[in-house]
Amino acid sequence: MTVADLASAVSGGDYTDNVYSGKQDHRAQVCAILEKEDCIPRHVIDTEVGWFYDVLGLDDMYFMLENPASVAGHITALYGAQLTSINRTNPVSITFDNRHETGAVFIHNSVPGISNTEGPHFEKVIDAEYLDVSVPEKAYRVESYRSRGKVSKSLDASLRTYFVSACDFVNPAPEGDALTDIQQVSDRTFLAKATPHVLSLYSGVIAKVLNRTGPVIVSDRLPGGEFRLVIGYRQRSTQGFYSAMSDLYHYYGMYSSRKYVEQFSNGVTVISLYLDLAKHAKRLAAGSESTSPTPSGAASPNPGAAPLPPSLEESVGQIIKEASLLYCIPNTPFQKLFKTGELSVQEAVYAYAGWIFAQHFLNRLGSEYATLVEILDPADATDIEVLAKLKKRLRQETFTRELILDILLRHTELVKDLYAHFADVHYVSADLSHSSSGAGLHASLSMTRLRDTAPLSTEDVLLKITRVTTNDHDAMVLRALLDFNTHVLKTNFYQPTKVALSFRMDPGFLPAVEYPVKPYGLFLVIGNEFRGFHVRFQDVARGGIRIVRSRNAEAFSINQRTLFDENYSLASTQHRKNKDIPEGGSKGTILLNLDAQDRPFVAFEKYVDAILDLLLIGETPGIKNRLVDLLGRDEILFFGPDEGTAGYMDWASQHARKRGASFWKAFTTGKSQALGGIPHDTYGMTTRSVHQYVLGVIRQLGLDESACTKLQTGGPDGDLGSNEIKISSDRTTAIVDGSGVLYDPQGIDRAELLCLANARQMIQHFDATKLGPGGFRVLVEDFQVTLPDGTLVRDGLSFRNTFHLNPLAAADFFVPCGGRPEAIDINNVGQLFDAEGAPRFKYVVEGANLFFTQDARLRLEKAGVHLFKDASANKGGVTSSSLEVLAALALDDAQFARLMCKQEDGSLPAFYQEYVVGVQAAIEANAAREFECLWSESKATGKPKCVLSDELSVAIVDLRKSLEDTNLWEDVALRRLVMSEALPARLVREIGLDAILDRVPLNYLKAIFGAYLASHFVYEYGTHPGQFAFFEFMTRYHAKAGAAASN
């Protein structure tokens, strides 16, 4: 069904009217009750009841649902309110609130077209208690009507009624074709009231919602002059949307005569709004001034709003455009300014985005900190500790979220100027130029209405900020928003349909003192449930997407402060880790809002879709338009699994395919085998790299692995943890995982551990009877536990969180396979030493990313610990992902389905199995080469291995970049030789070298070429090779290439 078809269905019919056949009998009972109660003079009872039933214009639904006693009470209350208002300056508020097990009835008085800033806020109640929580298992529908008459001559308002009822679906659990059959998925009451035209309309909207991530919005003008706006979206994909839409159409001087919210058992919500211009808006449109006073507690009629558009159609058109903004961000701390008309919805949402940007990127360290960094010795542990503490305190105390918000709320005029400055670049009409550069784009009529004068230039905005603000803090916050404006290269802010806001940023605003290496690209994504980032250090880059959860408000505050720094560090580590593969490093993070901890997949969906908005060229006007693109070139991102997203990769790949992305097969790694993925955990890809370093130490020092003790964080339920248990043969004395701590000084029973690892279960399932005399298990929910040595553990959660610092956590090897970043830093690394100053671990192999800070590593290595950092040890997964992508790029769709995807009978193709074996061999070979290089370089130079690891990465990455800029690629014989060695032999044998060179993008091929030569050269010659080393290295390759060509 097309949008035109939907519009046709809209204009063809409506809900059937509610007609109450027992209304007269109901009325007679009400009169009898009023006479008996004697609260209203008998001679006016008939008049008051007649007015209530016949003149006020309440929908018959009210009389159907409310019993005569309740209606009598309402009439009495209204009569009393009229008497009271005679001697009062402010109008009397009329509210009725009747909630019951299967629904509710709400009634209040209000002036049409004006939002109430005080009072009961019933629509927010309906959102929070009924609509936001609706799911197919328990959903609520809403019918709302505005009375056609005023409450009384003295009260210039009408009654708004809301009837909420639990849904009774025809088919509560539809499957297959039933999912799109409106007769199956509907509530029975809705089916009884809906005309065939409404059923056709809703059926079309539902079909589109099920095939789209965001909302579906259609509208048309009805014969009576009203506009009907129909909005469909997935249940629980937005919060507070129903009430926010009222604020939106009130802002444009409109009111609704009736509103319906229908739920469907396929997980779809549909809202219908019937809109017309309010009286005050009609007077303004006609050029007259309103003389009616604004009721107490109501916002004034658009005092700060843009001039009303010249037609009702354009008002509705603007509401449709801005409805997508409210769907993304329905409620913000700036909502009240929007309700009062002081800010438009665009300005309010922009202020919210700017508020979030300032929280993360306002430079809170300053020039004094930079000077201190230069003065202090980076090799001195005490100096590093002072800097670390100072940095943490400055971040926490200088600019809090509350302070930034307060400053923005006090400077709304400057916020408007900053928004106009932003909008002047990115707000365009739907009639866009077809040039990719954005030439010829012009401001739409909507934008023209939003400004009375031309937007200020960047210099003028700076001057105005200086002139208007009275202190440095205010100026810094507002300048942060200007930094935001000047570094946005592309945004979906004005895209007609979207599910979250996304901004492609130029990372140039990042202060070098905090972020010494400038990223290649930065995305900021803001949704109703989350905020997130994506950082990459190279054009072709790969990394996982991580969900960050928070147990409580304090944890959220900490996570919010550290989110970008963690993202930056993870991407930087990934970049160093990716030295052997063509892709550079990247990482994405999604911080769930405190009230959205149960909606990680919804947040992930929106994050991915919003970024795709900026990667794909919009080709459907009114749905996905072309955007202003200051970047000026196409981009492709590659996502992988990380904490909390392992099960989402299939959806992301298929969603990219649905949206028309040519790169959909390679868009995500870690997919299921049905989609050609190579699961890291199934084949132990990451662990194979980590364990090569354990084996390397054992080999170099002549150790017996079975006699070595080991502490492991990250348990048998995780990828790294389970595979480390399976692949090793040491004597593991302690394991820390999400459920608690398992400890046995004699070595934990390996057979029992293997059972847990194979079942992917936490240590809470360990058979405690198999622990030795000094062994114990303490779970996070335990309290007041006495250990075998007599130590009292007061709190199992705290014990778990700090066990790696406990004196009991001593072993030959420490292999972190899980845990939070910076778990060991300069402030607590001292706890890894015993009373005599000896380290409690001899060898550390970092499987988990960023478990140690660099200064902590240096302290341990200085004490004689052999430490191998994450960027070197934990790279097996990225190698596997890179080769998975290569297969997706090299094979056409038919070959990919036949050779790389699990077949219908559940079998894996022989090619797939052989390819996986080759991937495992490549991981182990790369890890062994790097280990030997680090060991020999450290022995020769005396440098810490954690420093050499970085130098090795930098040397390979820099050489790779240099090689890509040379003409070595143009040497066909050399190119073919290097690529035949670098590419997986099984893939070359299957489709041939020429097919791979023809199908894989050129920049990707050059990256493979450069990465292979650079890594092999550095691993062989070290980080500081002799003057002629590279000449010698390449001479061998040229000779081999020449010999191959002559044959």
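**Charges, rings and packing**

Guide: This is a predicted model, and a place to begin is K259, which lies over the face of Y242 at 4.9 Å from the ring centre.

Visitor: And which ring does K665 lie over?

Guide: K665 lies over the face of F896, at 6.0 Å from the ring centre.

Visitor: How many aromatic pairs does the count come to?

Guide: The count comes to 71 aromatic pairs. One of them joins F601 and W651, whose ring centres are 5.7 Å apart and whose planes stand at 80 degrees, so this pair is edge-to-face. It links distant parts of the chain, with F601 in helix α23 (residues 600–615) and W651 in helix α24 (residues 649–658), 50 residues apart.

Visitor: What sort of pair do F868 and F931 form?

Guide: F868 and F931 form a tilted aromatic pair, with 5.2 Å from centre to centre and 40 degrees between the planes. Because F868 lies in strand β24 (residues 866–868) and F931 in helix α35 (residues 910–941), the pair ties together parts that are 63 residues apart in sequence. F868 is buried, with a relative accessible area of 1%, and F931 counts as buried at 0% relative accessibility.

Visitor: Switching to helices, at what angle do α17 and α21 cross?

Guide: The axes of helix α17 (residues 401–410) and helix α21 (residues 472–487) cross at roughly 85 degrees and come within 10 Å, and the two helices are therefore roughly perpendicular to each other.

Visitor: Which residues meet there?

Guide: From α17 the contact takes in L403, I404, I407, L408 and R410, and these meet H473, D474, V477, L478 and L481 in α21. Sorted by class, the contact has 7 nonpolar, 1 polar and 2 charged residues.

Visitor: What about α6, how many of its residues are buried?

Guide: In helix α6 (residues 122–131), 7 of the 10 residues are buried, so the helix is largely enclosed by the rest of the structure. The buried residues are F122, E123, V125, I126, D127, Y130 and L131.

Visitor: And what do they pack against?

Guide: The buried residues of α6 pack against the strands β1 (95–100), β2 (103–110), β3 (140–146), β4 (158–166) and β7 (254–264), and also against helix α10 (241–251).

Visitor: Okay, V548 next. Where does V548 lie, and what does it touch?

Guide: V548 lies in strand β13 (residues 541–548) and is buried, with a relative accessible area of 3%. Leaving aside residues up to four places away in sequence, V548 touches N559, L563, I590, L591, L592 and R820. V548 and I590 are 42 residues apart in sequence, and their C-alpha atoms are 5.9 Å apart in space.

Visitor: Last topic, backbone angles: what is phi of R236, and of E822?

Guide: Phi of R236 is near 65 degrees, a positive value in a residue other than glycine. R236 lies in the loop between β6 (227–234) and α10, and is partly exposed, with a relative accessible area of 24%. Phi of E822 is near 60 degrees, again a positive value in a residue other than glycine. E822 is placed in the loop between β22 (811–816) and β23 (841–845), and counts as partly exposed at 49% relative accessibility.

Notes. Residues numbered from 1 in each chain as written. Predicted model: local features only at pLDDT ≥ 70, side-chain atom pairs only at ≥ 80, totals over all residues. Heavy atoms only, no water. Phe/Tyr/Trp six-rings, centres within 6.5 Å; stacked < 30°, edge-to-face > 60°. Helix = DSSP H or I, 4+ residues; strand = E, 2+ residues; numbered from the N terminus. Buried < 20%, exposed > 50% of the residue type's maximum accessible area, 1.4 Å probe, protein only. Lys NZ or Arg CZ within 6 Å of the ring centre and 35° of its normal. Axes fitted to C-alpha atoms, helices over the stretch in contact; angles between N-to-C directions. Parallel < 35°, antiparallel > 145°, perpendicular 65-115°, else oblique. Contact = heavy atoms within 4.5 Å. Nonpolar A, V, L, I, M, F, W, Y, C, P; charged D, E, K, R; others polar.
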